[in-house]
Amino acid sequence: MNNSKLDGQSKSYRVFAAVLLAVFFIFPLYWIITGSVKDAITINAPQPQWFPLHPIMDNYVKLFRQPAIKWLVNTVFIALAAMGLTCLTAALAGYALAKKRFYGRKILFTLLVCAMALPKQVIVIPLLQEMSALGINNTLWAVILPTVGWPFGVFLMKQFSETIPTEILEAARVDGSGEVRTFCSIVFPMIKPGIGALAIFTFVNTWNDYFLQLIMLQQKEVFTISLGIARLQGEMSSDFGLIMAGATLAAIPIVAVFLMFQKYFTQGITMGAVKG
Amino acid sequence: MAQTVSNGAKPAKKPKRREFSGMSRALARRETISAYLFLLPSMLFFVGFVLIPMGMCLVYSLFNMGLDTSATTFIGVQNYVEMFQDKTFLRSLWNTIVIVVVSVPAVTAFSLWVGSAIYPMASGLRSFFRCVFYLPVVTGSVAVTVVWKWMFNPYNGLLNQIFGTVGFDWLGNQKTAIWCIIMILFTTSIGQPIVLYVAALGNVDKSLIEAAQVDGATKLQVFWKIKWPQILPTTLYVLVITTINSFQCFALIQLLTRGGPLGSTSTLMYYIFDVAYNYQRFGYANAMGVILALIIAVFSAVQFRVTKTDNG
């Protein structure tokens with residue numbers, strides 16, 4: 001390369017710009033966490049304290065006087081249940097859509113893609129009416145069931161199932177393997193990375209689906225952590241220390257989960273993109 | 001086993017049977033039944049909690065439906081007529097369009113730029129940056145919003161302390177409020193496009209780039225002639241998802257400004273929520289939902305067209 005020096009220069013310039021931006025994007029999270037351990041005087045001081053010199057736990061003590069643990073448990077339950085059900089149903093359906101031939105396959109697929117292009121939040125208002133009619137509004141299931149119904153998972157699993165070589169499935173059929181056995185012993189191991197991607201994707205998105213939770217869950221006993229903080233903010237809008245403690249409690253578990261499984265997560269985003 | 005001719009001049013007896021070319025009838029039936037069984041659990045959820053509410057949304061939009069469902073009456077397109085005479089609706093529609101028109105190109109261009117900057121980096125560094133830009137998305141809209149609310153606070157907010165403008169109410173000012181919203185929306189929207197662009201740029205055929213460089217192509221030429229056409233499908237996808245997300249901007253509004261001051265930050269999604277939740281006018285809210293869905297569909301279709309023809 002004759003212009004490697006120039007390349008090197010523009011590269012370090014690029015890294016510098018990227019680092020600067022990275023700081024800007026990490027900062028809100030940093031400010032949440034440090035804010036949660038500052039006392040009221042520091043928070044209301046006219047000068048910002050960039051680093052908490054005297055961290056205190058008072059805000060957390062105050063936070064746990066609220067049913068914050070209950071909110072956290074509710075959120076974990078919703079995210080886990082939605083994740084499990086989505087992975088199970090989507091893995092089965094995605095495999096059928098990718099590898100089975102049946103009447104109505106094209107129509108069904110078109111329907112799923114069209115539904116995905118529609119704004120998810122628009123159907124939440126009629127969903128509330130449906131949930132009230134079913135008598136499960138104000139229960140955690142009112143959030144879990146619609147999340148499972150969203151067709152993104154089926155679409156993602158179809159993408160992954162398409163990588164299974166058809167010959168293997170045919171060989172299994174010739175050997176007299178039943179449908180269930182073929183799925184469990186051949187298909188499942190091959191789409192496992194896909195299920196991993198879908199699992200983490202569903203978990204994170206369900207955890208953060210504030211709108212659906214806000215509409216479906218109106219009683220304090222079924223609040224999620226997001227609803228809890230929103231409520232705190234509404235009631236004690238000037239107690240930023242307490243609100244930041246709540247925000248920390250909401251953000252840290254999900255950020256940790258994301259960082260642990262980010263490889264799968266990235267894969268899920270990329271595979272879910274409609275190609276062409 | 002009798003083999004049906006699959007790629008001969010004539011299709012099988014029934015044209016529909018082409019799906020099953022090369023299969024016996026019994027096998028085809030077995031395939032169909034097992035496929036339906038595999039699909040069944042997922043379809044129960046999809047039909048029950050996506051299709052039915054969509055249908056309800058359409059039907060209820062023609063009714064005067066409130067909290068007292070026994071008083072529900074059919075009113076035809078009355079809700080739709082009312083909408084276009086409703087000043088708050090029109091204001092919300094305008095605000096939403098401003099948000100979309102500003103944020104969609106900004107998010108797309110910026111994420112393409114960041115994606116181009118980080119995709120040639122070493123894999124560890126690349127995934128570090130990818131994570132960083134995804135962080136505001138994962139942190140969750142509520143946590144992100146409450147910290148920004150604090151930073152925008154007139155007296156103890158960080159921004160005023162830095163700029164020396166203590167007392168200035170960013171979110172209470174009709175001129176600045178919507179820009180604050182757009183800025184926060186921007187930070188929570190670029191994570192996914194960056195991940196997509198990094199993947200798409202990584203898939204661009206390297207031999208083509210090298211061949212062009214050997215032929216003396218400039219960086220700009222390599223980008224427009226080689227990379228751009230290959231990442232076009234990704235760009236289209238990014239445009240569509242960013243449009244859908246921007247149109248649905250809600251949590252920021254509800255937690256930061258509640259549509260104020262004087263309706264200057266009310267978006268369609270926020271107004272739909274307000275009408276349904278605070279006024280219990282479900283019919284009217286559903287009618288606005290239908291219009292929102294239509295607008296998004298039109299925007300997506302236009303982007304699809306433009307991006308396709310752009311490529312010749």
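Which domains does the domain assignment of chain B give? The assignment gives domain 1 (15-60) and domain 2 (78-310), and the legends below describe close-up views of a predicted model.

**View 1. Domains of chain B and chain A.** In chain B, the C-alpha centres of domain 1 and domain 2 lie 35 Å apart. Chain A is likewise divided into domain 1 (4-56) and domain 2 (61-272), and the C-alpha centres of these two domains of chain A lie 32 Å apart. Between them, 9 residues of domain 1 of chain A are in contact with 7 residues of domain 2 of chain A. On the side of domain 1 of chain A that touches domain 2 of chain A, helix 1 and helix 2 (40-44) of chain A each supply at least two residues, and helix 1 of chain A gives the most, with 4 residues. Sorted by class, that side of domain 1 of chain A has 5 nonpolar, 2 polar and 2 charged residues.

**View 2. The interface of chain A with chain B.** Here 73 residues of chain A are in contact with 73 residues of chain B. The element that gives the most to the side of chain A that touches chain B is helix 1 (residues 4-35) of chain A, with 11 residues. By class, this side of chain A has 53 nonpolar, 14 polar and 6 charged residues.

**View 3. The bend in helix 1 of chain B.** Although helix 1 (residues 25-60) of chain B has 36 residues, its end C-alpha atoms are only 44 Å apart, short of the 52 Å that a straight helix would reach at 1.5 Å a residue. The helix bends by about 50° at Leu40(B), and a proline, Pro41(B), follows within four residues. Buried residues of helix 1 of chain B include Phe38(B) and Leu39(B), and also Ser42(B), Phe45(B) and Phe46(B).

**View 4. Helix 7 of chain B and what covers its buried residues.** The 13 residues of helix 7 (residues 177-189) of chain B should span 18 Å at 1.5 Å a residue, and the end C-alpha atoms are 18 Å apart, which agrees. Among the buried residues of helix 7 of chain B are Ile178(B), Ile181(B), Ile182(B) and Leu185(B). What covers the buried residues of this helix includes helix 3 (87-118), helix 4 (123-139), helix 5 (141-151), helix 10 (219-247) and helix 11 (251-256) of chain B. In helix 5 of chain B, 11 of the 11 residues are buried, so this helix is largely enclosed by the rest of the structure; its buried residues include Trp148(B), Lys149(B) and Trp150(B).

**View 5. Arg130(B) in helix 4 of chain B.** Arg130(B) has its place in helix 4 of chain B and counts as buried because it has 24 C-beta neighbours inside 10 Å, where 20 or more are required. Leaving aside neighbours within four places in sequence, Arg130(B) is in contact with Thr266(A), and also with Ile118(B), Ile194(B), Val195(B) and Val198(B). From Arg130(B) to Arg258(B) the separation is 128 residues in sequence and 32 Å in space, C-alpha to C-alpha.

**View 6. The largest nonpolar core.** Of the 171 residues in this core, Ile181(B), Ile272(B) and Met288(B) touch the most other members, while helix 4 (residues 68-99) of chain A gives the most to the core, with 16 residues. Leaving aside neighbours within four places in sequence, Ile272(B) is in contact with Ile125(A), Ala285(B), Met288(B), Gly289(B) and Leu292(B).

Terms used:
Residues numbered from 1 in each chain as written. Chains lettered and ligands numbered in written order. Predicted model: local features only at pLDDT ≥ 70, side-chain atom pairs only at ≥ 80, totals over all residues. Contact = placed C-beta atoms within 7 Å. Nonpolar A, V, L, I, M, F, W, Y, C, P; charged D, E, K, R; others polar. Expected span 1.5 Å × (residues − 1). Bend = angle between axes of the 7 residues up to and from the residue. Buried ≥ 20, exposed ≤ 12 C-beta atoms within 10 Å, placed from the backbone. Domains from an automatic or database assignment. Core = buried A, V, L, I, M, F, W, Y, C linked by C-beta atoms within 7 Å.
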